[in-house]
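Trainee: I have a model open and would like to learn how to read it. Could you take me through a few features?

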Amino acid sequence: MVIHNIAVIPGDGVGQEVVPESLKVLETLAEIHDGIKFEFTDFPWGCEYYLENGSMMPEHGMDNLKNFEQIFLGAVGDPRLVPDHISLWGLLIKIRRECEQVINLRPAKYIEGVKSPLANPKDFDFVIVRENSEGEYSEVGGTIHQGADEIAVQNAVFTRKAVERTVRYAFKLADSRNKKVTSATKSNGLIYSMPFWDKVFHEIGQEYTEINTETNHIDALSSFLVTKPASFDVIVGSNLFGDILTDIGAAIMGSIGIAPAANININGKYPSMFEPVHGSAPDIAGKEIANPIGQLWTAKMMLDHMGYDELGKLLLDTIEETIGAGVKTRDLGGTSSTREVVDEIVKRLKRRV
Ligand code: NAD
Ligand code: IPM
Ligand code: MN
C-alpha cells in the first residue's frame, strides 16, 4: 500500500465547502486504484485563524507543510475580516514563494454542456503558464506623504532566472501538446520589463525550432481570448498578466467555479499546491451552492502531477459526464447543491469499482 500524505487547507468562504466535498472524491478514486491511500491532514488556517492568533499560520507552519507530498488548498481571503494583502501574503503567496512553486499552470477548455458566454465558443483548449514567483507581485516599493501629495510606488521585478524557467516550461509543455506558444507582452508601454521578457522569449524560442511562436500585447491578447480562443495552445505570461488572463479563461469556460490551477514546484524540493482559480466567494459562502468542479478539476491536476494520469482522466471524464447529465450548480444554470454534484460524481465513480 502506498500512502500519500496530503496537507489540506480549506481556507476561507467556499473553500470550506468545496474542499471537504472534494476529499470524498479523492478517497473514492483511491478505492478504485488498488494499492494507494490518501492520508489527509487538515490545517485550519485562514482569516478566522488570524483573528484568533494574529497570523495566518503558526510560526512553524511552513516547516510543517514542507514535509507533505502535496498541498490541497481551497481559497484564502475574507476582506470583511482581514485586509486582503495581509491574508493573501500571510498564507497563499507565502506558500507559493517558500515552497518555490514558481509555475502556476491554469488550463481552460470548452466543456460540452456548459454554456459559454461566447456566441461561438467552438472547441478551445489552452493552458496558461503563469510566472508565479515575482514580476508585478513584488515587495519592492513604498508609500510617502499624505493627502494630496500621497504617492504609492510598486516596482515589478523580472529576473532572467525566473523568466527563462517560465518560458522554458511553456515551450516544453507546448512540445507535448499542439506546438504553439503565445507570449503575453506589453513592450509598447512598459519600457524595461517587457522588452526584457520578449528578448528571453525569443532566445528560448531558438532552442525549440519545431514550436510555433507568437507575441501579443496583453490588451490585444485579452480580446483574442474572447474572439478566437480556439487559436491558442500554450500562453505564457507574467504573474499579473497570467492572473488576469486566467480569469478570462475561466469566464469563457462558462464559470469561474470550474477553472482549475496548479502551483508547481519544479525542483522537487518542496510540495506543489493545488487550488482552483476562484477565490473564497464571500457572496455565496455558507449557502451550499458553490460549484465544486474547480476544486475537483484541481484534484485531477494533483493526480496527474503525482503520476496517476489514468485516475485524473477518469475524474475529468466523470465530471464532464455529470455536467452532461444536467447535475450542475446554479452558476452553470442548474439547481443542484455542492454536495449533490459531488454525490453524483462519487456515485458514477463507484459504479466502476
Ligand atoms: P471570487 O473568485 O471569490 O468570486 C468572484 C465571483 O465568482 C463571485 O460572484 C463568486 O460568487 C463567484 N464564484 C467564485 N467561486 C465560485 C464557485 N466555486 N462556484 C460558483 N461561483 C463562484 O473573487 P473575489 O470576489 O474577487 O475574491 C473574494 C476573496 O477571495 C478575496 O479575499 C480575494 O482576495 C480572494 N481570492 C483568493 C484566491 C485564492 O485563494 N486562490 C483567488 C481569488 C481571490
Ligand atoms: C489567484 C488570486 C491570487 C493571485 C490573489 C488572491 C492574491 O487572484 O490565485 O488567481 O493574484 O495570485
Ligand atoms: Mn486570480
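Predicted model: local features only at pLDDT ≥ 70, side-chain atom pairs only at ≥ 80, totals over all residues.

Trainee: Which residues does the UniProt domain annotation cover?

Mentor: The unreviewed UniProt entry gives "domain: Isopropylmalate dehydrogenase-like" for residues 5-345. Over that stretch the chain is 40% helix and 19% strand. The end C-alpha atoms of the stretch lie 23 Å apart.

Trainee: Now the strand β4. Is β4 largely enclosed or open?

Mentor: Count neighbours. A residue is buried if 20 or more other C-beta atoms lie within 10 Å of its own. In β4, residues 103-109, six of the seven residues are buried, so the rest of the structure largely encloses this strand.

Trainee: Which strands does β4 pair with, and in what sense?

Mentor: Look for bridges between strands. Seven bridges link β4 to β5, residues 125-131, in the antiparallel sense. There, Arg-106 sits opposite Ile-128 of β5. β4 also runs antiparallel to β11, residues 262-264, with three bridges joining them. In that pairing Leu-105 faces Ala-262 of β11.

Trainee: What about ligand 1? Which residues come nearest?

Mentor: Start with the shell of residues around the ligand. For ligand 1 there are 24, and Gly-77, Gly-257, His-278, Gly-279 and Asn-291 come nearest.

Trainee: Which element gives the largest share of that shell?

Mentor: Helix α4, residues 84-98, with three residues.

Trainee: And how does the shell divide by residue type?

Mentor: Sort the residues by side-chain class. Around ligand 1, twelve are nonpolar, seven polar and five charged.

Key: Residues numbered from 1 in each chain as written. Chains lettered and ligands numbered in written order. Buried ≥ 20, exposed ≤ 12 C-beta atoms within 10 Å, placed from the backbone. Helix = DSSP H or I, 4+ residues; strand = E, 2+ residues; numbered from the N terminus. Pairing = 2+ DSSP bridges. UniProt positions renumbered as here; feature names shortened; annotations may be inferred. Near = placed C-beta within 6 Å. Nonpolar A, V, L, I, M, F, W, Y, C, P; charged D, E, K, R; others polar.
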